[in-house]
Amino acid sequence: MITGSGLDEATRLLAEAGIENPRREARLLLSRALNISRDETLSVKDLNPDQTGRLEFLVGRRAKGEPFAYIIGRKEFWSLEFEVGPGVLVPRPDTEILIEEALRLVPDRNAALRFADLGTGSGAILIAALKEFPNAAGIGFESSVDAFEWAQRNVARLMPGRAELRLTDWTNAETPFDLVFSNPPYIPSADIESLAPEVARFEPRAALDGGVDGLDAYRALAGLLPNLLKSGGHALLEIGSGQANDAAFLFQGLELIRIAPDLSGIPRCLILRKP
Ligand SMILES: C[S@@+](CC[C@H](N)C(=O)[O-])C[C@H]1O[C@@H](n2cnc3c(N)ncnc32)[C@H](O)[C@@H]1O
């Protein structure tokens with residue numbers, strides 16, 4: 001039961017549930033429940049019953065392990081605010097390496113490039129890449145209806161007119177692209193249950209499950225990419241921890257340019273080139 005400003009008790013309930021930054025999250029949930037800024041939460045005195053009910057509802061969801069980003073409905077990626085919720089993968093900071101590597105590959109920011117994002121989810125990679133290349137256009141392919149709807153909302157708000165979305169399996173992608181991005185599902189099926197509960201229980205299986213060895217999506221992409229890339233075009237693929245060599249080996253038709261590490265130094269991104 002939450003009383004007073006709600007902040008102390010929300011913090012305690014979140015801490016008891018094992019949440020890592022309970023005070024920070026409590027303040028953000030309070031700001032959400034009251035529709036005020038985070039700074040204003042410090043001057044809140046007593047909540048009325050409606051406000052208490054809203055805060056209890058949000059704290060209860062978080063205490064059950066639901067991703068914080070789903071509860072507040074947004075997640076920052078590449079300094080852009082993406083709308084997210086049940087049915088779509090929450091974009092991860094490590095994925096920003098794909099955008100950094102695209103900037104290294106193509107120094108001319110004004111190039112009129114064509115991008116594809118295979119398994120676009122929230123649209124995070126496609127929209128961030130288009131932000132950096134103002135004359136580029138791109139298509140995001142997504143097979144999940146729920147994820148596709150989140151991508152539609154984000155494109156409409158952040159990149160209207162420049163990003164196209166297709167609700168289809170990525171095997172239906174056609175016409176060659178200069179850059180193909182993908183952060184495919186790459187967790188070995190048997191490992192999913194041992195992931196943090198907020199991932200395993202709440203994020204969509206289709207965004208995580210890479211088959212028995214985690215490499216199913218790379219096998220599919222290895223067959224597709226030679227036809228999807230223009231000659232001299234590049235693919236930037238996120239990989240799971242420990243997958244670099246096995247995944248790279250699958251792309252025999254393409255030249256491996258580099259394997260880039262993530263923020264923790266783990267090999268995280270394959271950069272491949274079509275000769
Ligand atoms: C790991 S998530 C990545 C989402 C987003 N690109 C990101 O980085 O946050 C993989 C996405 O690929 C989609 N996906 C999986 N297999 C697919 C396929 N064969 N065709 C199209 N999309 C697919 C999933 O539904 C999911 O949204």
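Predicted model: local features only at pLDDT ≥ 70, side-chain atom pairs only at ≥ 80, totals over all residues.
Ser 79 is found in the loop between strand 1 and strand 2, and its phi is positive, at about 60°, although the residue is not a glycine. The loop that joins strand 1 (74–77) to strand 2 (80–83) also holds Trp 78, which likewise is not a glycine and yet has a positive phi, of about 55°. For Trp 78 the number of other C-beta atoms within 10 Å is 19, so that this residue is classed as partly exposed.

The packing of two helices is considered next. Two packed helices are described by the angle between their axes and by the distance between those axes. For helix 1 (residues 7–16) and helix 3 (residues 49–63), the angle is about 15° and the axes are 9 Å apart. Because angles under 35 degrees count as roughly parallel, helix 1 is described as roughly parallel to helix 3. The crossing of helix 1 and helix 3 is right-handed. On the side of helix 1 the contact is made by Ala 10, Leu 13 and Leu 14, while helix 3 contributes Leu 55, Val 59, Arg 62 and Ala 63. Sorted by class, the residues in the contact of helix 1 with helix 3 comprise six nonpolar and one charged, with no polar residue.

Around the ligand there are 21 residues, of which Gly 119, Gly 121, Ser 143, Asn 183 and Ala 207 come nearest. Two or more residues of the shell around the ligand are given by each of helix 6 (124–132), strand 4 (137–142) and helix 9 (205–208). By class, the shell around the ligand is made up of 11 nonpolar, eight polar and two charged residues.

A further position examined is Leu 237, which belongs to strand 7 (residues 229–238). Leu 237 has 25 C-beta neighbours inside 10 Å and therefore counts as buried. When residues up to four places away in sequence are left out of account, Leu 237 touches Ser 182, Leu 221, Cys 269 and Leu 270. Leu 237 and Pro 184 are separated by 53 residues in sequence, whereas their C-alpha atoms are 7.8 Å apart in space.

Methods
Residues numbered from 1 in each chain as written. Helix = DSSP H or I, 4+ residues; strand = E, 2+ residues; numbered from the N terminus. Buried ≥ 20, exposed ≤ 12 C-beta atoms within 10 Å, placed from the backbone. Axes fitted to C-alpha atoms, helices over the stretch in contact; angles between N-to-C directions. Parallel < 35°, antiparallel > 145°, perpendicular 65-115°, else oblique. Left-handed = near helix turned anticlockwise from the far one by under 90°. Contact = placed C-beta atoms within 7 Å. Nonpolar A, V, L, I, M, F, W, Y, C, P; charged D, E, K, R; others polar. Near = placed C-beta within 6 Å.
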